[in-house]
Amino acid sequence: MPLSSEKHQELEKFAKEIRFNLLETLNHLGFGHYGGSLSIVETLAVLYGEVMPMVPEKHANKDRDYFILSKGHAGPALYSTLYLKGFFGKDFLHSLNQNGTKLPSHPDRNLTPGVDMTTGSLGQGMSVATGVAYSQQMEKKGFYTYTIVGDGELNEGQAWEAAQFAAHRKLSNLIVFVDDNKKQLDGSTCEISNPQDFVAKFKAFGFESFRVDGSDMAAIYQAIEDCKLSESDKPKCIVLDTIKGQGVEELESMASNHHIRPDAAMKEMLDAIAKRLGQELEVVK
């Protein structure tokens with residue numbers, strides 16, 4: 001069933017809140033992974049706002065859906081989402097990467113409430129997600145495992161070993177999102193190591209696979225619903241057509257926006273962007 005107009009508006013607001021708090025937090029720190037955090041905001045809004053609406057009480061239960069952010073450098077996006085879902089307060093959120101923090105730059109399940117898996121070593125999150133999905137399959141409880149992997153991250157051979165295992169074990173409860181924002185640390189994915197067609201590659205590895213607009217929450221939601229309604233026993237892959245820095249025009253147009261350590265002029269610009277988003281949210285209220 002498609003998203004209702006009311007639910008779509010609710011998710012639009014949720015995504016804007018995630019984006020605002022993400023920017024505010026990184027601006028407070030003074031540097032960080034802006035680009036790849038922003039490109040997954042809409043997907044997180046759909047997952048945590050509708051598909052697996054997580055709250056601390058539900059997270060404490062073992063029998064539930066799981067989410068693993070394999071591209072761990074996008075942790076600020078997940079942290080902002082967890083903050084909005086009530087896992088911790090604003091002071092905790094703004095302790096990102098500070099001395100003694102329980103909010104490191106990459107997710108740590110032993111430190112941060114709401115995090116299902118410690119990630120950051122690229123490629124490993126997809127392997128763990130496959131293991132979690134396999135466990136769910138064996139227990140036959142009908143839950144799903146979702147994971148977001150980066151397009152640059154898929155340079156790692158370990159990710160494809162996991163894909164091969166998932167297909168062999170017919171893990172239809174595994175849904176992999178590829179954040180295809182076309183850039184990685186050192187440049188574009190095409191110039192670093194051309195990934196070719198992710199949809200075709202995952203199909204070749206035994207997945208049901210298709211591409212959606214990663215800024216369109218209705219399309220993301222429908223893609224997830226289609227995965228769940230599929231009668232195929234294959235694992236699923238949703239390739240998200242995104243832009244690094246998504247939702248912030250000034251950052252989308254930057255040639256290098258993977259990790260930003262802004263000078264004074266850029267810091268002023270980033271603060272102004274966060275202020276603008278905050279004002280837009282006030283209007284929505």
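Start by selecting α1 (5-29) and α13 (264-284): each supplies at least two residues of the lining of the second largest cavity. Helices here are DSSP runs of H or I with at least four residues, strands are E runs of at least two, and both are numbered from the N terminus. A cavity is a set of points on a 1 Å grid over the protein atoms alone where a 1.4 Å probe fits but cannot get out, and its lining residues have an atom within 4 Å of a point.

Before moving on, note that this is a predicted model, in which totals for linings use all residues, while local features need pLDDT of at least 70 and side-chain atom pairs count only at pLDDT 80 or more. Residues are numbered from 1 along each chain as its sequence is written, and side-chain values use heavy atoms, without hydrogens and water.

Now select Leu 26, Asn 27, Gly 30, Phe 31, Tyr 34, Pro 262, Lys 267, Leu 270 and Asp 271, which line this second largest cavity. Which helix gives the most to the lining? α13 does, with 3 residues. The space inside is about 30 Å³, a volume being the space filled by probe spheres set on grid points joined across faces, edges and corners.

Next, go to strand β1 (residues 66-69), which gives 3 residues, the most of any element, to the lining of the largest cavity.

How many cavities of 30 Å³ or more does a search of the whole structure find? There are 2.

Definitions and conventions
On a 1 Å grid over the protein atoms alone, a cavity is a set of points where a 1.4 Å probe fits but cannot get out, and a pocket is an open set with protein on both sides within 12 Å along at least five of seven lines; lining residues have an atom within 4 Å of a point.
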